[in-house]
Each structure stands twice: as C-alpha cells, then as structure tokens.
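User: I'm new to reading protein models. Could you walk me through this one, feature by feature?

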Amino acid sequence: MLGLAKRVGARFLITSTSEVYGDPLQHPQVETYWGNVNPIGVRSCYDEGKRTAETLTMDYHRGLKVEVRIARIFNTYGPRMCIDDGRVVSNFVAQALRKEPLTVYGDGKQTRSFQYVSDLVEGLMRLMEGEHVGPFNLGNPGEFTMLELAQVVQETIDPNAKIEFRPNTEDDPHKRKPDISKAKKLLGWEPTVSLRKGLPHMVSDFRHRIFGDEKGVQGSNRPSA
C-alpha cells in the first residue's frame, strides 16, 4: 500500500493502535511515549506489527516523500460491529442480550477508554484533511474499569445480568487512557459521545441482528452528545 501511494501520489493513512504503548508505565499515554511492549509475548504479533507499520510509514515519508498520516486508535465501539469479534464491548453486549454471564478476565480492575464510532470517523477525517502527519491519539479519555463497563452494560440491557470471572490473559495491559491534547490543539478534535449515550445505539443494532427486532433499530446511529 505504501508503494502504491508512492506511485500514484496518494495521501496514506495508517490506522495504528493504542497497543503500540503495550502495558504502559506512563498514564495517560501521550504520543511521545515509546511504550512498554513484550516483543515475544502472545500479544506481540499485533503490538509489534502495528509498531512496524508505523516505522515503515515514517520511512516512506522521510525517505521517499510519501504524504502520510498516523492515527493511534483507542477502543472504539458502535453499530455494525461483528457480534462475536471477541472485543470486550461486543462480548458484554451480546452476552447480556443472550442472557449469558458477562465474562470478566482477571479482577476486572484493568481500565480502557471507549469512543463511539462517529467520534473516530470525525477524527480520521480531520486528520486526513489537515496538514499534520501525526501520530495522533484518537480515543475518548473517559476511563472505565472492566467491572464499570460491565455495570454500564447491565444498566443499559439487563440489571440482573450475572458477571463471571475468568483467569486473565497474558500481557493484558493494566491501564489504557489517551492523552488527546495534541489532537485538540492541531486537529480541533475531541470526542463528544459518552459511553452511556453511545452504548444504547450499539445495543439496538445488536438486538436487531440477534433477534430480528425491528423496533430495536433507531433512525440514526449518531447520538447527540
């Protein structure tokens, strides 16, 4: 793709990830932080793959003058996600709708930040239309433990949903929260949709696709702030 961008003179966007920070020793994470990644761990193929992608992108930019933009995307959720993709929000929503226990790994105190998809799309558009290479953190600074996320899902879908604890996965980051000061300053961007505002739209979409409930689908998938 970088070679194609070079040949046709295209602007190239690499959608990187907050996983480049690994299990961070700095909190919240800023773009200048180099990360704390296990290069041979069970998660390293993803973490290091994205870090390598950023490296190649910057090499093409510096050495071959390809115009590039780098976004580091934090956890994102919304309608039309794969129901069984294994991501935590998808898991919790699908499990609650199916009357299954919500599976929390470890003690549930690890944190993540969740942005609604329309906020991410707006950030990517501003990045591509602007003049700054990046990298830019694109995420919602609202920070939730996994237990707090499970409780929001319970409030939204089923207050009686059970929580089931399982052993934690290897190299699971303990904390994740973006510092978006750079995006605010240079892109004029920050998320506007809170988790409690955005989650019901995802729930309606999942309910429709799981049960075929037409009443569960709302007219717009972009909630008001």
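Analyst: Helices (H or I, at least four residues) and strands (E, at least two) are DSSP runs, numbered from the N terminus. Axes are lines fitted to C-alpha atoms, for helices over the stretch in contact, and angles run from 0 to 180 degrees between N-to-C directions. Contact means heavy atoms within 4.5 Å. Keep in mind that this is a predicted model, where local features need pLDDT of at least 70 and side-chain atom pairs count only at pLDDT 80 or more, while totals for chains, interfaces and linings use all residues. Residues are numbered from 1 along each chain as its sequence is written, and side-chain values use heavy atoms, with hydrogens and water left out.

User: Which strands does helix α4 touch?

Analyst: Helix α4 (residues 117-129) packs on the sheet and touches β1, β2 and β7. Its direction makes about 160° with that of β2.

User: What is the strand order in that sheet?

Analyst: Pairing comes first: two strands pair if DSSP finds at least two bridges between them. Here the three strands form an open sheet in the order β1-β2-β7, with parallel pairing. The edge strands, β1 (12-17) and β7 (136-138), each pair on one side only. From one strand to the next, the twist averages 30°.

User: How many bridges join β1 and β2?

Analyst: Six bridges, in the parallel sense, link β1 to strand β2 (residues 68-73). For a spot to look at, find T17: its bridge partner in β2 is I73.

User: Back to helix α2. Is T57 buried or exposed?

Analyst: The labels work like this: buried means under 20% relative accessible area, exposed over 50%, partly exposed in between (1.4 Å probe, protein chains only). T57, found in helix α2, has 1% relative accessibility, so it counts as buried. Leaving aside neighbours within four places in sequence, T57 is in contact with L2, F12, I14, V68 and I70.

User: And which residues of helix α5 are buried?

Analyst: In helix α5 (residues 146-156), they are M146, L149, A150, V152, V153 and Q154. Their cover includes α3 (88-97), β4 (102-105), β5 (111-113), β8 (143-145), β9 (163-166) and α7 (195-211). Within α3 sits Q95, which is buried because its relative accessible area is 12%. Apart from neighbours within four places in sequence, Q95 is in contact with E100, P101, L102 and T103.

User: How many disulfides does the search find?

Analyst: A disulfide is a pair of cysteine sulfur atoms within 2.5 Å. Searching the whole structure turns up zero.

User: Let's zoom out. How many helices and strands does the chain have?

Analyst: The chain has seven helices and nine strands. Its radius of gyration is 18 Å, close to the 17 Å that the globule rule gives for 225 residues, so the chain is as compact as a globular protein of that length. That radius is taken over C-alpha atoms, and the globule rule is 2.2 Å times the number of residues to the power 0.38. Of the 225 residues, 45% count as buried.
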